Amino acid sequence: MKKTLFFEGEIKEQDFIVSNIVTYLRGKSEYLHGLSTDEIVEFFNELMLYWEKSGLSKKYFLKNIIDFFKYNSLKNKLSVSFRGNYEVLDKIVDIGDDNLLFHAQPRGVVVHWLAGNVPILGLFSIFIALATKNVSLVKASPKGYKDLVLLIDTINNIKTKKIDGREISKSIAVILVDNEDRVVHEELSSSANVRI
């Protein structure tokens, strides 16, 4: 078993070549880097509101994810992570060192290996990767991946002043790989700038 589940912003099932997916995702990095953190935070807030209004929140028990990614919460979490100033993701800023100015740079391709027992939990790491302007290649578990893919696909339904969900969703690819397929797992690992 080796197939893509979500790629190029849509649900699809087809065989894949790891290097092709990685090349495609790297090409989406520039799009993410061009967005401001405030725009990304606003987008996630709209996605969380959509999940609440559509009933997906109750169906998939998304309360913790929704609470985490709502506007004020996500801004606060990013500020704490970046020494009190999340704008370091957007520009060079002073974060308290008299001798230095800082600008946080995205790492690139984040490869996620998701557990099978709680596949939706992977949304935390996928969304944080996007919030910090990194693309995501997700190795889903054969158990429960359908719910994960359906929730990622809802990104396409959101549009804010600056972000069209159909564009930001192209920064995520979800694949299935046999646990015994050592060659593909090694390719995934060597392609990763960050491993989760």
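Student: Where is Thr4 found?

Tutor: Thr4 is found in strand S1, which covers residues 2-7. Keep in mind that this is a predicted model.

Student: Is Thr4 buried or exposed?

Tutor: Use the cut-off: buried means under 20% relative accessible area. Thr4 has 1% relative accessibility, so Thr4 counts as buried.

Student: Now Ser136. Where does Ser136 lie?

Tutor: Ser136 lies in strand S4, residues 135-140. Its relative accessible area is 0%, so Ser136 is buried.

Student: What is Ser136 in contact with, leaving aside neighbours within four places in sequence?

Tutor: Its contacts include Leu25, Val110, His112 and Ile126. Ala129, Ser171, Ile172 and Ala173 are in contact with Ser136 too.

Student: Let us turn to loops. Where is the place of Ile155?

Tutor: Ile155 sits in the loop between H7 and H8. Its relative accessible area is 1%, so Ile155 is buried.

Student: How are Ile155 and Glu87 placed?

Tutor: Ile155 and Glu87 are 68 residues apart along the chain. Their C-alpha atoms are separated by 24 Å.

Student: And Lys161: is Lys161 buried or exposed?

Tutor: For exposed, the cut-off is over 50%. Lys161 has 81% relative accessibility, so Lys161 counts as exposed. Lys161 lies in the loop between helix H7 (145-153) and helix H8 (165-168).

Student: What separates the C-alpha atoms of Lys161 and Val174?

Tutor: A distance of 27 Å separates them. Along the chain, Lys161 and Val174 are 13 residues apart.

Student: Next, rings. How many aromatic pairs are there?

Tutor: Rings pair if their centres lie within 6.5 Å. By this rule there are 9 aromatic pairs. One of them is formed by Phe68 and Phe124. Their centres are 5.4 Å apart, and the planes stand at 90 degrees. That pair is edge-to-face.

Student: Which parts does the pair tie together?

Tutor: Phe68 lies in helix H4 (residues 63-69), and Phe124 lies in helix H6 (residues 122-131). The pair therefore ties together parts that are 56 residues apart in sequence.

Student: How accessible are Phe68 and Phe124?

Tutor: Phe68 counts as partly exposed, at 22% relative accessibility. Phe124 is partly exposed, with a relative accessible area of 22%.

Student: Which residues form the aromatic cluster?

Tutor: Phe43, Phe44, Trp51, Phe68, Phe69, Phe124 and Phe127 form one aromatic cluster.

Student: Where does Arg83 lie?

Tutor: Arg83 lies over the face of Phe102. The distance from the ring centre is 5.5 Å.

Student: Last, how do I read a pocket?

Tutor: Picture a probe the size of a water molecule rolling over the atoms; it shows where empty space is left. Here, the largest pocket holds about 170 Å³ of space.

Student: Which residues line the largest pocket?

Tutor: Lys77, Leu78, Ser81, Phe82, Leu89 and Ala104 are among them. The lining also includes Gln105, Pro106, Arg107, Ile128, Thr132 and Asn134. By type, the lining divides into 6 nonpolar, 4 polar and 2 charged residues.

Student: Which helix gives the most to that lining?

Tutor: Helix H5 (residues 71-81) gives the most, with 3 residues.

Definitions and conventions:
Residues are numbered from 1 along each chain as its sequence is written. This is a predicted model: local features need pLDDT of at least 70, side-chain atom pairs count only at pLDDT 80 or more; totals for chains, interfaces and linings use all residues. Side-chain values use heavy atoms; hydrogens and water are left out. On a 1 Å grid over the protein atoms alone, a cavity is a set of points where a 1.4 Å probe fits but cannot get out, and a pocket is an open set with protein on both sides within 12 Å along at least five of seven lines; lining residues have an atom within 4 Å of a point. Grid points are joined across faces, edges and corners, and a volume is the space filled by probe spheres set on the points. Helices (H or I, at least four residues) and strands (E, at least two) are DSSP runs, numbered from the N terminus. Ala, Val, Leu, Ile, Met, Phe, Trp, Tyr, Cys and Pro count as nonpolar, Asp, Glu, Lys and Arg as charged, and the others, Gly among them, as polar. Buried means under 20% relative accessible area, exposed over 50%, partly exposed in between (1.4 Å probe, protein chains only). Contact means heavy atoms within 4.5 Å. Rings of Phe, Tyr and Trp (its six-membered ring) pair if their centres lie within 6.5 Å; planes under 30 degrees apart count as stacked, over 60 as edge-to-face and the rest as tilted. A charge sits over a ring if NZ of Lys or CZ of Arg is within 6 Å of the ring centre and within 35 degrees of the ring normal.
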